[in-house]
Amino acid sequence: MITYNELVIDGIHTSSFPFKVIVLESPSIQVGLSKDKLLSHDGLSGYIVQSNNHREAIEKKYTLQLVNPTELQILEFIQFLSKRKFWLENQQNKLVRLWCYHTKISDTERDKFNIYSLEVTFICHPTKFMKSLDRQILNSSGVLKLQGSALAFPTITINGNSTSETTLTIGNQIIRLERLSEQAIMTNNPENPSFVDKRGTVIKWSGDFITIDANQSNKNIGVAFGPGIQSVIFETNWGWL
């Protein structure tokens with residue numbers, strides 16, 4: 001089957017189907033629109049910029065051609081495309097992948113050679129995520145090495161023991177824990193954030209969930225341990241704008 005320019009959708013290759021799937025478009029590098037707001041004021045020329053580091057979702061459109069599929073195979077293939085929350089990869093992109101929310105699928109059109117064409121549009125997070133997860137371990141205060149250029153939301157595992165308040169400082173962001181008993185795990189996924197101990201019990205803490213802006217010239221940010229913290233593990237899926 002055809003592997004050139006193939007798509008990998010939720011881990012499944014378009015070349016793995018029992019009929020040929022041709023992906024017509026080569027992948028493009030797309031940047032989501034900034035969420036900065038331009039505010040107009042009669043007393044000023046131009047605009048006032050209200051900065052926002054977040055970006056709009058992107059749409060990736062591909063034309064697919066299915067060669068000599070049966071009617072049942074077409075229905076099964078459309079079902080396969082109708083996914084929610086999955087990784088999208090392209091054979092030509094060796095470094096990055098996209099996190100997609102859902103798809104929009106056009107009507108299929110059949111030509112005289114029994115080739116069915118359809119358009120599928122993937123609605124995706126604007127970050128072009130790296131394909132591998134980065135893991136950095138600090139055993140004392142030090143620096144976290146940044147990668148890529150997009151906003152990142154690491155999973156942070158804090159190990160140690162403290163019977164009184166302790167803190168973890170990451171750049172200019174401070175996490176305050178009422179106490180630390182062996183381990184605390186902070187998941188900074190904006191869709192489902194959490195801060196729990198190793199038994200899954202919610203931690204008593206103050207501060208904000210951590211967002212790291214990798215789009216800066218200094219690719220190191222300081223990490224400072226408070227009393228009782230023995231090590232911190234950062235697991236991050238870095239990405240590009």
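This report walks through some strand pairings and the disulfide in a predicted model.

## The open sheet

Let's start with a sheet that stays open: 5 strands, lined up as S13-S22-S16-S17-S20, with antiparallel pairing. Its edges are strand S13 (142-145) and strand S20 (205-206), each of which pairs on one side only.

Inside that order sit S16 and S17. To pick out a contact, Thr167 has Arg176 in S17 as its bridge partner.

Now for strand S6, residues 58-67. Of its 10 residues, 7 are buried, so the strand is largely enclosed by the rest of the structure.

S6 pairs with strand S3 (residues 20-23) through 4 bridges, and the two run antiparallel. Here Ile22 finds its bridge partner in Gln65 of S6. S6 also pairs with strand S10 (residues 115-124), again in the antiparallel sense, over 10 bridges.

## The disulfide

How many disulfides does the model have? The count comes to 1. The bond is formed by Cys100 and Cys124, with their sulfur atoms 2.3 Å apart. This pair ties together distant parts of the chain: Cys100 lies in strand S8 (residues 96-105) and Cys124 in strand S10, 24 residues apart.

As for handedness, the torsion about the S-S bond of Cys100 and Cys124 is about 70°, so this disulfide is right-handed. Are the two cysteines buried or exposed? Both Cys100 and Cys124 are buried.

How values were computed. Residues are numbered from 1 along each chain as its sequence is written. This is a predicted model: local features need pLDDT of at least 70, side-chain atom pairs count only at pLDDT 80 or more; totals for chains, interfaces and linings use all residues. Side-chain values use heavy atoms; hydrogens and water are left out. Two strands pair if DSSP finds at least two bridges between them. Buried means under 20% relative accessible area, exposed over 50%, partly exposed in between (1.4 Å probe, protein chains only). A disulfide is a pair of cysteine sulfur atoms within 2.5 Å.
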